Every structure is written in C-alpha cells, then in structure tokens.
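Here is a short briefing on charged side-chain pairs. Please look over the sequence and the structure before reading on.

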Amino acid sequence: MSAAMTRPDVMVLLFDTNFDRPSDSHVFRRLDGRLFTEEEQAMLRDATAEEFQAAGVHVHNPEADEATRGMMELLLKYALSHFEALVPFLTDEDLLEYDRLVGIIAAGADQYGPREG
C-alpha cells in the first residue's frame with residue numbers, strides 16, 4: 001500500500017494519537033489523553049506500517065536494525081585496521097573528536113590495568 005493508498009479514516013486517528021506510551025501497549029489514546037473507542041482501537045491496531053510512516057511515526061523494524069548492526073560491524077572491521085586510509089577524509093573537527101574519544105577510552109582501560117594471574 002503506498003502513501004497514496006492510505007485510508008483517510010485511519011490517518012485521521014493516527015494524527016490524533018499520542019504515541020508516548022509503552023512500546024508493548026496496544027491501547028491507544030488521543031493527544032488530549034482520552035481513550036479511543038473500541039472500534040477506533042481496532043482500526044489503529046490494524047494500521048499498516050505505511051500508514052504509520054505517512055503519519056510521521058517511526059516504525060521499529062528489527063530486521064533493519066539487525067542489518068544496520070551488521071553493516072556497522074563490517075565497516076568498523078575495515079576502519080579499525082585501516083584507519084590511516086580514512087584520515088584524509090576526516091575534517092579537523094573529526095580528528096579532534098577522534099583524539100578526544102581515544103583519550104577517554106585509554107583512561108578507562110588504565111583503570112582496569114593488567115589482570116593478575
């Protein structure tokens with residue numbers, strides 16, 4: 001279903017929904033705090049991801065999260081072993097931030113010291 005195929009009645013409800021609620025809650029409230037009717041609750045529970053996105057709601061996608069983690073791990077693997085190749089692409093501000101973060105990491109590592117056998 002494309003954004004052009006969203007259901008107007010569902011979109012009206014979504015725009016009046018307070019999404020500041022526990023992620024595991026299936027009870028929807030209006031922006032003013034009132035509960036939706038049972039019929040409206042059912043319509044909201046049946047809303048598609050495209051309708052949520054069309055209403056500007058971030059839709060949690062575990063598959064995309066896992067893909068993002070995988071990509072970051074892949075890129076990090078190369079970035080750490082070939083940092084010198086990245087230096088020409090970093091701005092002065094990024095290099096300063098890198099040095100600052102390295103200092104914090106090194107200070108944290110020093111507090112643990114070598115393990116005693």
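In this predicted model, Arg-100 and Glu-97 sit 3 residues apart in helix α6 (residues 92-112), so about one helical turn separates them. The two form a salt bridge, with their closest N and O atoms 2.8 Å apart. A search of the whole structure finds 6 salt bridges.

**The pair in helix α6**
- Arg-100 is partly exposed, at 43% relative accessible area.
- Glu-97 is also partly exposed. Its relative accessible area is 34%.

**The pair in helix α4**
- Arg-69 forms a salt bridge with Glu-66. The closest N and O atoms are 3.1 Å apart.
- Both residues belong to helix α4 (residues 62-81). They lie 3 residues apart, about one turn of the helix.
- Arg-69 is partly exposed at 43% relative accessibility, and Glu-66 is partly exposed at 47%.

**The pair between strand β2 and helix α2**
- Arg-30 forms a salt bridge with Glu-40, and 2.9 Å separates the closest N and O atoms.
- Arg-30 is in strand β2 (residues 29-30) and Glu-40 is in helix α2 (residues 38-45), so this pair ties together parts that are 10 residues apart in sequence.
- Arg-30 counts as buried, because its relative accessibility of 14% is under the 20% cut-off.
- Glu-40 is buried too, with a relative accessible area of 17%.

Terms used. Residues numbered from 1 in each chain as written. Predicted model: local features only at pLDDT ≥ 70, side-chain atom pairs only at ≥ 80, totals over all residues. Heavy atoms only, no water. Salt bridge = Lys/Arg side-chain N within 4 Å of Asp/Glu carboxyl O. Helix = DSSP H or I, 4+ residues; strand = E, 2+ residues; numbered from the N terminus. Buried < 20%, exposed > 50% of the residue type's maximum accessible area, 1.4 Å probe, protein only.
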